[in-house]
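Hi,

Here is the structure for you to look over. My notes follow below it.

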Amino acid sequence: MSDGPSEKDGGPVGIDELLERVRAGYERLGPQEARAAAAEGALLVDIRYAELRERDGLIPGALVVERNELEWRLDPQGSHRAPQAVSHDLRVVVICNEGYASSLAAESLHRLGLYRATDLIGGFQAWRAAGLPVA
């Protein structure tokens with residue numbers, strides 16, 4: 001059992017630093033890039049909670065997965081995987097409301113071996129602000 005952070009790992013990290021570290025590990029996409037990726041077969045995954053989806057709408061074609069189910073639904077080896085989770089090579093673009101929770105979610109998918117996972121800079125709000133389709 002650990003007594004807390006060790007010298008080796010540098011101690012506690014604040015959320016801003018954690019986001020910076022996580023985001024440095026992959027290339028994030030803007031709204032137009034995410035749309036192009038989807039057109040090329042990437043899976044858009046909306047992790048916003050129901051109230052936000054009901055208030056603001058949905059991105060047509062996006063798979064809706066609650067954040068607390070994301071890893072279970074996208075693990076290609078998982079017993080509760082979504083039908084779309086066919087391979088660790090799957091290109092996934094995670095979308096939250098403003099692009100913060102999605103960064104942490106993409107990092108979690110990387111740990112499952114989904115190394116092509118990324119997220120949408122600015123989240124759903126950036127998608128909508130760019131005038132892209134919303135249902």
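**Thr 118 and the strands**

Thr 118 sits in strand 4 (residues 118–119). Strands (E, at least two residues) and helices (H or I, at least four) are DSSP runs, numbered from the N terminus.

This is a predicted model: local features need pLDDT of at least 70, side-chain atom pairs count only at pLDDT 80 or more, and totals for chains, interfaces and linings use all residues. Residues are numbered from 1 along each chain as its sequence is written, and side-chain values use heavy atoms, with hydrogens and water left out.

Is Thr 118 buried or exposed? Thr 118 counts as buried because its relative accessibility is 1%. The cut-offs: buried is under 20% relative accessible area, exposed over 50%, partly exposed in between (1.4 Å probe, protein chains only).

A polar atom of the Thr 118 side chain lies 2.6 Å from the backbone oxygen of Glu 27. Leaving aside neighbours within four places in sequence, Thr 118 is also in contact (heavy atoms within 4.5 Å) with residues including Tyr 26, Arg 28, Val 93 and Ala 106.

Now strand 1 (residues 43–46). Leu 43 and Val 45 point one way, Leu 44 and Asp 46 the other. All are buried.

Strands pair if DSSP finds at least two bridges between them. Strand 1 runs parallel to strand 3 (residues 92–95), with four bridges. Val 93 is the bridge partner of Leu 44. Strand 1 also runs parallel to strand 2 (residues 63–64), with two bridges. There, Val 45 stands opposite Leu 63. From strand 1, the chain passes through helix 3 (residues 50–56) to strand 2. This β-α-β crossover is right-handed: with the strands pointing away from the viewer, the path from the first strand over the helix to the second runs clockwise.

Best regards

Note on methods:
A polar contact is a pair of N or O atoms within 3.5 Å; within protein, one must be able to donate a hydrogen and the other to accept it, and residues adjacent in sequence count only if both atoms are side-chain atoms.
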